[in-house]
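Let's walk through this one together, one question at a time. Have a look at the chain first, and then we'll dig in.

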Amino acid sequence: MAARRQTRERLVHAAADQFWAVGYETATLAAIATSAGVPPGNVFYHFPTKADLARAVTALFVAEAAGTLAEIDRRGGDPARRIAAFFDLIADTVASRVARGCPIARATRDFPADAETGGPAQVFRIMIAWLAARLAEAGRADAEAAARAALARWQGAIVLAAGLGDAAILAAEIAALRAEFGGPAAAPAVITSI
């Protein structure tokens, strides 16, 4: 049972990486199996279709985002400190976002529609809701609109920085967001990635 679960997890992580690197349509189940270090037939055992694998990757993204934000809250501190921790976390992803774009944005564009789970865009909804709640705690009357604007700025900066191959663009935007919404840098970032 544990070995099956580990194989399934390796496949999901390998699929997430392949979908991010080459896109959902281009990624092959054989490449995912190779990356996971399992025989190709094991993919079909765990995921009868590529869409099933995309749903599992979506669930992984949702769980990681929710877990990371919960960990920031668990560490505590005033809202500004928790917001700064969020921006510290996304600052840690600058290099990978410049190199490959945002895996959540790519999945939102590439994955088959999935009304049942809300698809990968659910990660953005979770992030917006979390940031809006922290901003409301900090006294912002426009918390939800400000949270949406912050994520839009972050995502736009990812596109621009990746397109121009310039990490400074993304780093500067994250620093501006941190200064505007969360104040100075917080404690070291949380473990998982968004």
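This is a predicted model: local features need pLDDT of at least 70, side-chain atom pairs count only at pLDDT 80 or more; totals for chains, interfaces and linings use all residues.

Q: How many nonpolar, polar and charged residues does the contact of α1 with α4 have?
A: For the classes, Ala, Val, Leu, Ile, Met, Phe, Trp, Tyr, Cys and Pro count as nonpolar, Asp, Glu, Lys and Arg as charged, and the others, Gly among them, as polar. Sorted that way, the contact of α1 with α4 has eleven nonpolar, one polar and three charged residues.

Q: At what angle do α1 and α4 pack?
A: Two packed helices are described by the angle between their axes and the distance between the axes. Axes are lines fitted to C-alpha atoms, for helices over the stretch in contact, and angles run from 0 to 180 degrees between N-to-C directions. The axes of α1 and α4 are 9 Å apart, and the angle is about 90°. Since 65 to 115 degrees counts as roughly perpendicular, that makes α1, relative to α4, roughly perpendicular.

Q: What does α1 reach from its first C-alpha to its last?
A: Helix α1 covers residues 2-22, so 21 residues. The expected span is 1.5 Å times one less than the number of residues, and for α1 that expected value is 30 Å. The model comes out close to that, at 30 Å.

Q: Which helices do the buried residues of α1 pack against?
A: Buried means under 20% relative accessible area, exposed means over 50%, and partly exposed is in between (1.4 Å probe, protein chains only). In α1, the buried residues are T7, L11, V12, A14, A15, A16, Q18, F19 and W20. They pack against α2 (29-36), α3 (40-46), α4 (50-75), α6 (94-100) and α7 (103-110).

Q: Is T7 buried or exposed?
A: T7 lies in helix α1. Not counting residues up to four places away in sequence, T7 touches V38, N42 and H46. With a relative accessible area of 12%, T7 is buried.

Q: What is V38 in contact with, leaving aside its neighbours within four places in sequence?
A: V38 sits in the loop between α2 and α3. V38 is buried, at a relative accessible area of 8%. Its contacts are T7, R10, L11 and A33.

Q: Why do the buried residues of α9 line one face of the helix?
A: The buried residues of α9 are A143, A146, A147, A150, L151, W154, Q155, A157, I158 and A161. An α-helix has 3.6 residues a turn, so residues three or four places apart point the same way. The arc is that of the directions from the helix axis to the C-beta atoms. Seen down the axis of α9, the buried residues line one face because they fall within an arc of 165°.

Q: Which residues on the other side of α9 are exposed?
A: Helix α9 runs over residues 143-164. What covers its buried residues includes α5 (79-91), α6, α7, α8 (121-137) and α10 (167-182). On the other side, the exposed ones are V159, G163 and L164.

Q: What is the phi of G165, the residue that follows α9?
A: G165 is found in the loop between α9 and α10. At 56% relative accessibility, G165 counts as exposed. Its phi is positive, near 65°.

Q: How far apart in space are A172 and A157, C-alpha to C-alpha?
A: A172 is found in helix α10 and is partly exposed, with a relative accessible area of 47%. A172 and A157 are 15 residues apart in sequence. In space, the C-alpha to C-alpha value is 9.0 Å.

How values were computed
Residues are numbered from 1 along each chain as its sequence is written. Side-chain values use heavy atoms; hydrogens and water are left out. Helices (H or I, at least four residues) and strands (E, at least two) are DSSP runs, numbered from the N terminus. Contact means heavy atoms within 4.5 Å. Angles under 35 degrees count as roughly parallel, over 145 as roughly antiparallel, 65 to 115 as roughly perpendicular and the rest as oblique.
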